[in-house]
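Subject: Structure for you to look at

Hi,

Here is the structure I promised to pass on. Have a look at it first, then read my notes below.

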Amino acid sequence: MTGPSGIPIIGLIANPVASKDIRRLVGLARVVDVEEKANLVARLLVGMTAGPPVHVVALDDSGGIVRRALRLARGKAVAVDFLDVTAEGTEADTHDAARALGELGTRLLVTVGGDGTIRSAVEGWPEALLAPLAAGTNNAVAILHEPTMVGHAAALAAAGKAPAGVFDRLTAMVVNMGDGTSSIAVVDAVGVRAHWTGARALWEPDDLVEAVVANARSEAVGIAAVAAALGPLAPRHARYIRFGPGPAVRAILGPGVVGEISVAEHYDLAEGNRVELDPATRVVALDGERRLIRSGAASVAVQPGALLLSVSRALEYR
């Protein structure tokens with residue numbers, strides 16, 4: 001999609017409810033409030049002016065993050081129009097806005113939130129080229145660079161100044177439930193014993209049954225950190241882990257939280273493979289949040305995921 005005078009369009013979704021789950025309360029992390037997110041977005045939008053001309057179409061989020069960011073930028077940001085989608089302050093906002101931005105033919109989608117925000121965006125627009133700015137809890141996939149630099153890199157990529165090779169293909173997981181529904185996870189799908197979703201956030205190690213982790217990196221936090229501690233994960237693979245009696249893995253389980261989790265077994269799955277979930281799994285957490293209550297058989301399939309911007313490689317073309 002192009003804006004006025006053929007200028008490339010970048011989509012923007014800021015999630016006002018990201019980074020406010022119980023994992024931040026039981027650890028040492030602080031909530032990223034609306035004002036802080038607005039500051040991140042202001043720097044992002046100003047950074048976009050450092051590259052070729054771009055135009056932004058944004059969700060008018062329920063927290064007013066983007067509008068606050070424009071006021072903070074004091075006229076130094078790129079031009080922003082707002083999407084014709086009414087935000088209700090729920091997860092569906094990200095899903096619906098991403099789908100609408102995909103239908104508009106937007107060149108690139110910037111999200112401001114955590115891994116759950118990325119998951120919702122991918123569910124709404126599976127083919128999106130993503131530049132996810134970290135403002136969540138674990139941020140195993142979200143970009144941790146300075147927002148001004150993320151904005152610059154996003155403009156370079158959207159305008160075609162940086163080649164397609166500056167995007168990395170993630171590996172994703174599709175969780176298929178017994179009732180015929182399916183859901184995407186971008187970092188991990190974790191089976192827990194509890195029969196309820198409760199506060200959603202996954203933070204009690206004793207509840208863990210099993211996990212499939214697609215993006216295990218040494219700098220990751222949470223179950224992805226446990227998977228990374230078990231050894232390198234080959235590209236286009238996911239790691240299955242069964243928790244229980246066995247060697248203890250010491251890892252960073254959350255912001256300011258270091259702990260040990262016992263691993264009974266683990267093995268790797270290439271894209272295209274599937275694993276049936278253990279009968280002990282009653283609820284499946286997606287990217288750190290309990291979401292799916294099991295009904296009948298359930299499985300996880302490993303498949304190619306979304307394309308994620310490499311900020312450092314994109315900036316080589318400035």
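How many helices and strands does the secondary structure of the protein come to? The count is eight helices and 15 strands; both are DSSP runs, numbered from the N terminus, with helices being H or I of at least four residues and strands being E of at least two. The radius of gyration is 19 Å, close to the 20 Å from the globule rule for 318 residues, so the protein is as compact as a globular protein of that length. That radius is taken over C-alpha atoms, and the rule is 2.2 Å times the number of residues to the power 0.38.

Before you go further, some housekeeping. This is a predicted model, where local features need pLDDT of at least 70 and side-chain atom pairs count only at pLDDT 80 or more, while totals for chains, interfaces and linings use all residues. Residues are numbered from 1 along each chain as its sequence is written, and side-chain values use heavy atoms, with hydrogens and water left out.

**The whole protein**

Along the principal axes, the C-alpha atoms fill a box of roughly 60 × 35 × 35 Å. Of the 318 residues, 57% are buried (under 20% relative accessible area; exposed is over 50%, partly exposed is in between, with a 1.4 Å probe and protein chains only). The accessible surface comes to about 13,100 Å², and 51% of that belongs to carbon and sulfur atoms. Among contacts (heavy atoms within 4.5 Å) with a separation of 6 or more, 69% are between residues 24 or more positions apart.

**Helix α6**

This one covers residues 147-158. Its 12 residues reach 16 Å from the first C-alpha to the last, close to the 16 Å expected at 1.5 Å a residue (that is, 1.5 Å times one less than the number of residues). Since 10 of the 12 residues are buried, α6 is largely enclosed by the rest of the structure. The buried ones include P147, V150, H152 and L156. G160 follows α6 and has a positive phi, near 80 degrees.

**Two arginines with positive phi**

Most residues other than glycine have a negative phi. R74, though not a glycine, has a positive phi of about 55 degrees. You will find R74 in the loop between α3 (65-73) and β3 (80-82), and it is exposed, at 73% relative accessible area. R236 is also not a glycine and has a positive phi of about 65 degrees. R236 sits in the loop between α7 (223-229) and β10 (237-254) and is partly exposed, with a relative accessible area of 45%.

Is A18 buried or exposed? It counts as buried, at 8% relative accessibility. A18 belongs to the loop between β1 (9-14) and α1 (22-26). Its C-alpha is 7.5 Å from that of T137, which is 119 residues away along the chain. Apart from neighbours within four places in sequence, A18 is in contact with V32, K37, G113, G114, T117 and A135.

V258 is in strand β11 (residues 257-270). Leaving aside neighbours within four places in sequence, V258 is in contact with R250, A251 and I252.

Cheers

Note on methods
Areas by Shrake-Rupley, 256 points an atom, 1.4 Å probe, with all protein chains shown as cover.
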